[in-house]
Amino acid sequence: MRHILILTLLFLCPFLSIADERVQKAEEAYSSMQYNAAATLLSQVADSLQQIGETPSADIYYNLGNAHYRQQQYTEASLNYLRALRIRPGFTHAHDNLQKAQLHMGLQDIESDEMFFIQWFRMLVNTYGVEGWTTFSIFFLLLGFLALAVYVLPQRIALRKAGFTVFVIALFGMAFCIVNASIQRYRYNHNMQAIISSPEVKVLTSPSPNSKEVITLREGQIFTILNDESEKNWIHISIPGTETEGWMTEKGFIKVVEDAPAQKEGTTK
Amino acid sequence: MTKFLRYILFTLTILCAGFHFTEVLAQVSFVAQAPKTVTTGLPFKVKFVLSNAEGTDFSCPAFNGFEKLVGPSESHFSSYQYINGKSSKSSNTTYTFVLQADKKGTFNIPVASIRVNGKTLRTKPLSINVQEGNGKASTGNQPQEDDEDYYVKPQNAGSAITQRDLYFTVDATKHRVYEQEPIMLTYNVHAKVGVALANVMLKQKPDLKGFWTQEIELPRNLSPNTERQNNGLYRVATNLKYIVFPQQTGKITIPGISFECDVLQRDTKMDAIDAFFNGGGNINVKVLRKSPDLNIEVLPLPTPRPANFSGGVGNFKIKSQLITPIPRTNDVATLRLTVSGKGNMKLIKAPEMPFPKDFEHFEPKTTDNTKVNADGISGEMYFDYTFVPRNIGQYTLKPQDFVFFNPETGRYVTLSVPAIPLDIKKGTRSAHEGNYDAKSREMEISPYRHVASSTHSNGTFSGGMLWIGSISNVLLYIFIIVAGLFVLTFANKRASLRADIAGWRTSQAQKNAMKALRTIEKKITEGKEDNNFYGQLSNILRNYFTDKLRLNAATLTSQSLLDALEQKEIPNDILQQLKTLLETCDYARFAPDAEKSKKQAHLHSASDIITRIDTKL
């Protein structure tokens, strides 16, 4: 019993954080409306963390997004909100602000025509990230043991019945949470979102410059890179919520997850 | 080839229909039809109808006292009837004129003539009484009883469509306006009767430099009016309507707009049968037309302009409203100024609002609730002033006077907004909170977050315990499961032991005995022991053995205990030791021995015996 207590305490403990005075300074700069300074500081923090192989927290990216938003740099703002959402999918503030930034650029959410329960499930899965779902699964595991104990130990019949029911529910709950956590892990590791960063990018029907145009994407448009590396210097993309697919050349956009040797794009702007 | 086939088909149809009946020829007649009385200024129809014959050389009479608007237009009608083996055929050829009387009086419709089979047929003369119209007709109301289609009847192919047959005009409501005063531009198409206008397309969006433009939606399928112009009858339809607000002063020319028109013409070269199969034998002619340029004089607003001129030109009203009923300190409150009326609403600047010094305030937010209609822009503009009072007290807000220019009177109008009393009550929020709230509401994004930790709790590389599938995560699950099962088995064993009381006591015997021994030892070392030391010691030993060996406490003697132990194959030396100890206890009860070291030795001996026996049992 004592072991379990210690374990739960362990989870409740805040994790070790790397203190960085630049974070403090950025907050001060932001509150005194020096958004440019705040953005520079925050992107420095994010870069230095990435260089030592750490993942910056969602808050850093979110605040960086806000700093860009206040400077009317809606593309950069959107990009950073996307990065925050990648780390913490259920980040409602980031989600709301992303929509506002997109609205500012005249881009609106496309209503997806999926069945309502698929949408509902998608929303549910996105309420928490990997850690959230894993924590829940551990909670269900512990609950399952507790219920099993109630069931196994000699008790009144009604209590034993309840214990068994809770045990079954806890098993299902744990399985559900583990599935969701795995989905979120996949999303985190295989995030193929990107955002258009140049004023206009043409999307063509096939990977050749002479082919017909499918659509012209404007700055700030979010799209998904499909896993198709058959053509060099071309990427196969799709626009979320629609069935539009096409090819575009490998420039004029920024990926939400940068490729392994980090290209510095945000800092130069 | 196909043409030939069609001929055969057509002829066959006719032949089949006509083989088996005797034709009854109806009487041939030629009559004139006209209304008996007409009014001046209104178009009316005169028809000459030739029945049951084919005519040639129709001679058109001159209409004295009338003006010929349209005519002659020819139409044919024929029908076959077949009843009880008898067929009858009737056919009509009608020559229609549209006339209009200009003067009062009685006029004659002259005789018309036509040749049928070599004979000349004449109509009887008619007289028409012309009455005075009521004036309004001169602008051309649509002739009521007329069926529209002969107006649209296409002219023959190749006939020229002149500038007089089809043209565009532009009407402006005003030609001399003040800056910012709206003008309505109406583009009309005029098509002379006989020009079958099928479609009008805007070639190019008008280039209205120096104007702020708003297009007015026109209802679809706008039915054209018939008007008399330039001695002819025209169909007039509105194509485009713009409302424009001049932004520059001086003489401005609005360039004409190009339209592309489709006109239907009848292809006379095509014969009737071909036409029947080819959709009426009409051909489409594209005609380009441009509306005339329009000159507009824009007057500058009179100078000097008042200092706090809002930029509004039109006629407006203003009112104020405190949206937050009870403003509280450090809480966001909103004051709304509503400008309503007609004019260049969208270009009005928000009036300035002098807030007291200890009020935090923000840029006013403008909400547009206006509509564009034929009269210009009308509706309401809302200016919402957000502020955060800092202190309790009575204040008054006096918004700046609202000054606009009324182009109808040519004067500036000043409207003053009555002062708004504010009674600021104590709020519950701290100064910081209110400020933050107002700012975020103004910018409408969720606020900055304090960064608790600059790194994400479990990075991908570290693969923390909560990162599903990582090694430490799997280990965590395994640990929980193993620990859980362990705890569960342990608890289960305990529970079943507890369920069986004798077993429980057996298992607890050594623990209880040791505990009792320690209590006594403690008392001895502290020098507080009572006289009954040996009684207690012997009791502890007896209790231990009754529990451990499940013996009956009432019948237990030293000898029966030793016998029972012997049966359990306890080594002799232990039994000997126990026997000595029990005997010592029995003696000591009657001859107390106060020596401390001896008592302690006995205690050690007792615990030694219990430990050794417990391992053997």
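In chain A, which has 269 residues, 32% are buried, a residue being buried if 20 or more other C-beta atoms, placed from the backbone, lie within 10 Å of its own. This is a predicted model in which local features need pLDDT of at least 70 and side-chain atom pairs count only at pLDDT 80 or more, while totals for chains, interfaces and linings use all residues. Residues are numbered from 1 along each chain as its sequence is written, with chains lettered from A and ligands numbered from 1 in the order in which they are written.

Chain A has nine helices and seven strands, taken as DSSP runs (helices H or I, at least four residues; strands E, at least two) and numbered from the N terminus. The largest nonpolar core comprises 47 residues, and A:Leu42, A:Tyr81 and A:Leu82 are among those with the most contacts inside it; such a core is a set of buried Ala, Val, Leu, Ile, Met, Phe, Trp, Tyr and Cys residues joined through C-beta atoms within 7 Å. Helix α5 of chain A (residues 74-87) gives the most to this core, namely eight residues. A:Leu82 touches A:Leu98, A:Gln193, A:Ile195, A:Ile222 and A:Val256, leaving aside residues up to four places away in sequence, where contact requires C-beta atoms, placed from the backbone, within 7 Å. A second, separate core of 42 residues includes B:Leu42, B:Phe44, B:Val70 and B:Cys261.

In chain B, helix α7 (residues 533-549) packs against helix α9 (residues 572-590) at an angle of about 145°, their axes 8 Å apart; axes are lines fitted to C-alpha atoms over the stretch in contact, and angles run from 0 to 180 degrees between N-to-C directions. Among the residues making this contact are B:Leu537 and B:Leu541 of α7(B) and B:Leu582 and B:Cys585 of α9(B).

Methods: Buried ≥ 20, exposed ≤ 12 C-beta atoms within 10 Å, placed from the backbone. Contact = placed C-beta atoms within 7 Å.
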